[in-house]
Amino acid sequence: MANTSRTLVTMPREAKKGEVIDIKVIVQHDMESGFRRTEQGGLIPRDIIRSFTCTYGGSEIFRAELHPGTGANPMIVFSTIATESGTLEFKWVGDNDYSSVATSVLTVV
Amino acid sequence: MTTPQLQQVCLQWFKKLKQYLIVKILLSLLLAYIAILTSSVVQAQSKAKQSSYDLMSAENKALQDNLDMNPAAFWLLDGQALWTQPSGPKSLSCASCHGDAERSMKGVAASFPKIRSRRLTTLEEQIEICRTERQGLVRAGHESKVSLALSTYVASQSKGLPIHIDDSPAMRAQIDEGAKLFNKRIGQLNLSCAQCHDERAGLKLGGSVIPQAHPSGYPIYRLEWQSVGSLERRLRNCMIGVRSEPFPYDSDELKQLEAFLMWRAEGMILESPAVRP
C-alpha cells in the first residue's frame with residue numbers, strides 16, 4: 001500500500017445544536033492480513049491500518065483499533081452530538097508509515 | 001346361470017373395465033401433459049430479465065447506490081485520475097485522444113465486447129490495446145489495479161444506459177459459440193452454466209438465490225473479493241466452482257461467453273460499478 005490513499009466521508013454540513021449526527025467514513029486500503037501466501041508459497045507481509053481517530057474541534061470523540069481480520073476498504077459508521085460549529089478531523093494510521101487524513105466542517109445552527 | 005355363462009359375463013365385464021381404465025389412464029396422462037405445458041409457458045413468461053441487484057440485502061443495495069459508500073468509487077476516482085495523466089514515451093493520456101470521457105465514453109461499455117480488427121475484443125483488452133499501441137506503455141495485466149481503475153471509470157460512463165451489442169453476422173457467430181459453451185457440461189461436477197442460471201435461476205444453492213447471471217454491473221465490487229473485478233474473473237470463479245479448469249484470461253472461450261451473456265442481457269440497464277456479495 002502507498003503511504004496514503006483515498007478517503008470518503010459522508011456527514012451533514014449543517015446540524016441543529018444538540019442534534020445527533022451520523023458519520024460514515026470509508027478508506028481505500030488492501031488490509032493485507034499477513035496470513036495470505038503467494039502462488040509460490042511465500043508469506044505476504046502484513047500491511048493494515050492499525051487505528052482510526054476522529055477529533056471534533058480538537059478533542060477526540062471516537063477511536064477504533066483495526067486488526068488483521070478487518071476486510072479491505074474498511075467502512076466505519078458512528079454518531080456524535082452537534083455541540084458547536086467546528087472541524088472534524090478523521091485520521092487513519094497503519095503499517096509501513098501509512099497515514100491518511102480527511103477533514104469536514106460542521107456548522108451548528 | 002351356469003358356471004361357464006357366469007365366467008363369460010365376468011370376462012366381458014372385466015374387458016370393459018380394462019378398456020375403461022386404459023382410456024382413463026391415457027386421459028389423465030394427456031391432462032398432466034397439458035398442465036406441464038401451460039405451467040412451463042407461465043414459468044417462461046414470469047422469467048423476466050432480473051438483475052441480481054434485486055436479490056441483494058437493503059444494506060448491500062445502499063452500498064451500490066451511494067457513491068460516497070460504494071468501495072468501487074476508489075477505482076473510479078483512480079481511473080478518472082489516470083484518464084488525464086500523460087504517461088509513456090509519447091507522454092499521452094487517454095484524454096489526449098478521447099477527450100472528455102463523460103462524452104466520448106458514454107454508452108461504450110454497454111456495447112462491448114465487439115469485433116475490432118476482425119477479432120472479438122473486450123473492454124479490458126481494448127484498454128490494453130490503447131495503452132500498448134497508442135501510449136507505448138507495457139501491458140497493465142488483467143485484474144491489475146490500473147486495468148480495473150480504467151475499466152471502472154469507462155464503464156461508469158454508461159451507467160443507466162441499456163445494454164446493446166452488435167449483431168452483425170461475424171458477431172453472431174461469436175455469440176453462437178458462447179451459447180454452446182454456456183450449455184456445455186464441464187468439470188468434475190459435470191454442470192453447464194445453463195443448468196444453474198437458466199433452468200434453476202430463482203431457486204436456491206445453499207442459502208443463496210441462484211441469479212440469472214446477467215452481466216449488468218461489471219466491473220463489480222465483490223465483497224467476497226474485497227476488490228473490484230472483471231466479468232472474466234467472475235466467470236473463472238464459476239468454472240472453479242464446478243471443478244473444471246478455468247479458461248485463461250482473454251481466451252476466445254471467455255470472450256465468447258462474455259459476448260453471449262451481453263447479448264442475452266440485451267436491453268438491461270448497466271449499473272456499473274455494481275456491488276455484489
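User: In this predicted model, which residues of H7(B) does H3(B) meet?

Analyst: The model is predicted. On the H3(B) side the contact is made by Trp75(B), Leu76(B), Asp78(B), Gly79(B), Gln80(B), Leu82(B) and Trp83(B). Their partners in H7(B) are Val146(B), Leu148(B), Ala149(B), Leu150(B), Thr152(B), Tyr153(B) and Ser156(B).

User: How many residues of the contact of H3(B) with H7(B) are nonpolar, polar and charged?

Analyst: Trp75(B) and Leu148(B) are among the residues that meet here. Sorted by class, the contact of H3(B) with H7(B) has 9 nonpolar, 4 polar and 1 charged residues.

User: At what angle do H6(B) and H7(B) pack?

Analyst: H6(B) spans residues 123-134, and its axis is 10 Å apart from that of H7(B). The pair counts as roughly perpendicular. The packing angle is about 115 degrees.

User: Is the crossing of H6(B) past H7(B) left-handed or right-handed, and which residues of H7(B) make the contact?

Analyst: H6(B) passes H7(B) in a right-handed crossing. From H6(B), the contact uses Leu123(B), Glu124(B) and Ile127(B). From H7(B), the contact uses Ser147(B), Leu150(B), Ser151(B), Val154(B) and Ala155(B).

User: How do the residues of the contact of H6(B) with H7(B) divide by class?

Analyst: Ile127(B) of H6(B) and Val154(B) of H7(B) are among the residues of this contact. The division is 5 nonpolar, 2 polar and 1 charged.

User: Is Asn3(A) buried or exposed?

Analyst: Asn3(A) lies in the segment before strand E1 (7-10) of chain A. It has 10 C-beta neighbours inside 10 Å. A residue with 12 or fewer counts as exposed. Asn3(A) is therefore exposed.

User: What separates the C-alpha atoms of Asn3(A) and Asn96(A)?

Analyst: Asn3(A) touches Asp97(A) and Tyr98(A), leaving aside residues up to four places away in sequence. Asn96(A) is 93 residues apart from Asn3(A) along the chain. The separation of their C-alpha atoms is 7.3 Å.

Terms used
Residues numbered from 1 in each chain as written. Chains lettered and ligands numbered in written order. Predicted model: local features only at pLDDT ≥ 70, side-chain atom pairs only at ≥ 80, totals over all residues. Contact = placed C-beta atoms within 7 Å. Helix = DSSP H or I, 4+ residues; strand = E, 2+ residues; numbered from the N terminus. Nonpolar A, V, L, I, M, F, W, Y, C, P; charged D, E, K, R; others polar. Buried ≥ 20, exposed ≤ 12 C-beta atoms within 10 Å, placed from the backbone. Axes fitted to C-alpha atoms, helices over the stretch in contact; angles between N-to-C directions. Parallel < 35°, antiparallel > 145°, perpendicular 65-115°, else oblique. Left-handed = near helix turned anticlockwise from the far one by under 90°.
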